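Subject: Handover of a structure

Dear colleague,

Please find below the structure I am handing over to you. My findings follow it.

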Amino acid sequence: MSTVGTNRRVALVGHGIMGRRHVRALLALPDRVTLAGIYDPDPAAASNAANIRVYASETEAIADADVVFVASPIAAHMSTVLRALRARRDVFVEKPIGATAEESAAMVEAAERSGRRLFVGHSERFNPVVRALRRVLDPARIRTISFCRVGAPRSRARDVLLNLGVHDLDLASYLTESRAHVRAAFGREDNTDVLLSTGRGSARVRVSREGERERRVLVTTDDASYEGDLLRFRLTVDEREELALDTEEPIIAQARAVFDALDGLPSDIAEGHHGAHAVRLAEKSLALLRKPHSQRALSEYVDSAE
């Protein structure tokens, strides 16, 4: 077992937009991490890694690492994650963990068989607004949560729930410390409202690629309401008191949380089963969208949940 403070060798697979962000985050933690090198099947992407070793193959990258960070396109996640777990490496994989619920479950099962840790990049857990909400909220007193996430994801895929909405589907469970379940879904695959039940009450996730970029959360409890702007890092209580936030960059806080977990320290990093549950919620929501709806209106569902 590793001791607290172990410096681990990390290999990064995938050097696109998110891969470059992870490089910056890993280099910000020199006491915890040695960035051993990167691998990307696209030579042009790999060549952008200044002063960092570039591996000739994914196999070479995995063999040289204690921990493998996977930031490749979603369709490639499973193959890399399974290879790394078979090599008995701990793994961090960008969200969503997999392209389907079936793939996601296979990765979680592989991690359990290997005895290694599997983490998922649900970085909104480390947004300063979300960190503050976790600090000040009593989950037992939460009654409703509403998320609004508007603006096109990096992926061109129509399915914004899988590419973008999984952040909020994960947060619904994370903030309430309970397991969210889909009650209903309305709209289209690129503009969706999902209604959830949690162990604490109800949650609503609105996600759309149409409109000006926006990321907001509204939480009501027995005695207060909290409104957060996840882009501008602002959190107010009852529309008047603004709370002070810890503004450490989320991707750096997330990287630190990976190594805290590996060192046996308290950590809010999403584990493989959390990522798989978010994908299941997205998949269930999409299945409902593709079915003919009953005559019951969205407003009725919302009203009955409040």
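Predicted model: local features only at pLDDT ≥ 70, side-chain atom pairs only at ≥ 80, totals over all residues.

Aromatic pairs

These three residues belong together: ring pairs join Phe69, Phe92 and Phe259 into a cluster. The number of aromatic pairs comes to 2. In one of them, phenylalanine 69 and phenylalanine 92 are stacked, with 4.6 Å from centre to centre and 25° between the planes. This pair connects distant parts of the chain, since phenylalanine 69 belongs to strand β3 (residues 67-70) and phenylalanine 92 to strand β4 (residues 90-94), 23 residues apart.

Phenylalanine 69 also pairs with phenylalanine 259: the ring centres are 6.2 Å apart and the planes stand at 10°, so this pair is stacked. Because phenylalanine 69 lies in strand β3 and phenylalanine 259 in helix α8 (residues 250-262), the pair ties together parts that are 190 residues apart in sequence.

A charge over a ring

A further contact involves arginine 134, whose charged end sits over the ring of tyrosine 174, at 4.1 Å from the ring centre.

The sheet and its helices

Turning to the strands, an open sheet is formed by 8 of them, with mixed pairing, in the order β7-β8-β9-β6-β10-β11-β12-β13. At its edges are β7 (181-188) and β13 (241-242), each of which pairs on one side only. In general, the strands of a sheet pair through backbone hydrogen bonds, in a parallel or an antiparallel manner. Strand β6 (residues 142-150) and strand β10 (residues 214-221) run antiparallel and are joined by 8 bridges. As an example within β6 and β10, threonine 144 has threonine 220 in β10 as its bridge partner.

Helix α7 (residues 160-176) packs on the sheet and touches β6, β8 (191-197), β9 (202-208) and β10. The direction of helix α7 makes about 160° with that of β6. Helix α9 (residues 272-289), for its part, lies across β7 and β8 and runs at about 50° to β7.

Yours sincerely

Terms used. Residues numbered from 1 in each chain as written. Heavy atoms only, no water. Phe/Tyr/Trp six-rings, centres within 6.5 Å; stacked < 30°, edge-to-face > 60°. Helix = DSSP H or I, 4+ residues; strand = E, 2+ residues; numbered from the N terminus. Lys NZ or Arg CZ within 6 Å of the ring centre and 35° of its normal. Pairing = 2+ DSSP bridges. Contact = heavy atoms within 4.5 Å. Axes fitted to C-alpha atoms, helices over the stretch in contact; angles between N-to-C directions.
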